[in-house]
Amino acid sequence: MRFPVVLFDFDGTVIDSGSIILASMRHATKTVLGREIPDEELGRAVGGSGLIEQMRLIDSDRVDELVACYRAHNEPLHAELAECAGMTDVLTALKEEGRTLEQFFDIVVGSDDTERHKPDPAPLEHALGLLGAARDKSVYVGDSPFDIRAAKGAGMHSVAVTWGGIHPRERLEAEQPDAVVESAEELLAAL
């Protein structure tokens, strides 16, 4: 087994949340700022250092308002969340192979668990520490450039998935992940 430890980003990789994230960002910027910002611009920071920093990049003077508006719009949409196509099968197959998975899940590392966030490798290093796992025997799977940077910073193998709905393949490829996959089936082969 090439990678006995598999760590997953959650939003956009395991759970199909890209559309509700963008919808909530659109809602917040339109409501608070009275502006329509293109999805390409809104999505640039998604998957990185957290909602507060994402909103700071949009308007540093109105962060609290943007965050509150985003959350009020976003939280009711959670009832609509579903898995990304084929991910339950992938996770089941990996677990049956005896792999350690960060989200299906032997441990869960959230934004409150580390002071630094992606693209900093701290969350991944924290997960590896909790698992007692070696970097060179571990892989991180994610849908954003920040995921790839975090994996590289942690000295791990990186796999970019294209189904997240926010970051185009070209942006992911620019980070030079070890693999880029289009489907859950391809992901299994890459691991």
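I'll begin with the surface, where F10, F104, F105 and V108 make a nonpolar patch of about 330 Å²; patches here are built from residues with over 30% relative accessible area and no salt bridge, nonpolar side chains (Val, Leu, Ile, Met, Phe, Trp, Tyr) being joined within 5 Å, and areas come from the Shrake-Rupley method with a 1.4 Å probe. Please keep in mind that this is a predicted model, in which local features need pLDDT of at least 70 and side-chain atom pairs count only at pLDDT 80 or more, while totals for chains, interfaces and linings use all residues. Residues are numbered from 1 along each chain as its sequence is written, and side-chain values use heavy atoms, with hydrogens and water left out.

F10 sits in the loop between strand 1 and helix 1, helices being DSSP runs of H or I with at least four residues and strands runs of E with at least two. F10 is partly exposed because its relative accessibility is 34%, that class lying between buried, under 20%, and exposed, over 50%.

Turning to salt bridges (a side-chain nitrogen of Lys or Arg within 4 Å of a carboxyl oxygen of Asp or Glu), the structure holds 14 of them. In one, R171 pairs with E40, with the closest N and O atoms 2.2 Å apart; since R171 belongs to helix 8 and E40 to helix 2, the pair ties together parts 131 residues apart in sequence. R171 is buried at 13% relative accessible area, whereas E40 is partly exposed at 39%. Finally, D9, K118 and D147 are linked in a network of salt bridges.

Key
Patch = residues over 30% accessible without salt bridge, like charges linked within 9 Å, V, L, I, M, F, W, Y side chains within 5 Å. Buried < 20%, exposed > 50% of the residue type's maximum accessible area, 1.4 Å probe, protein only.
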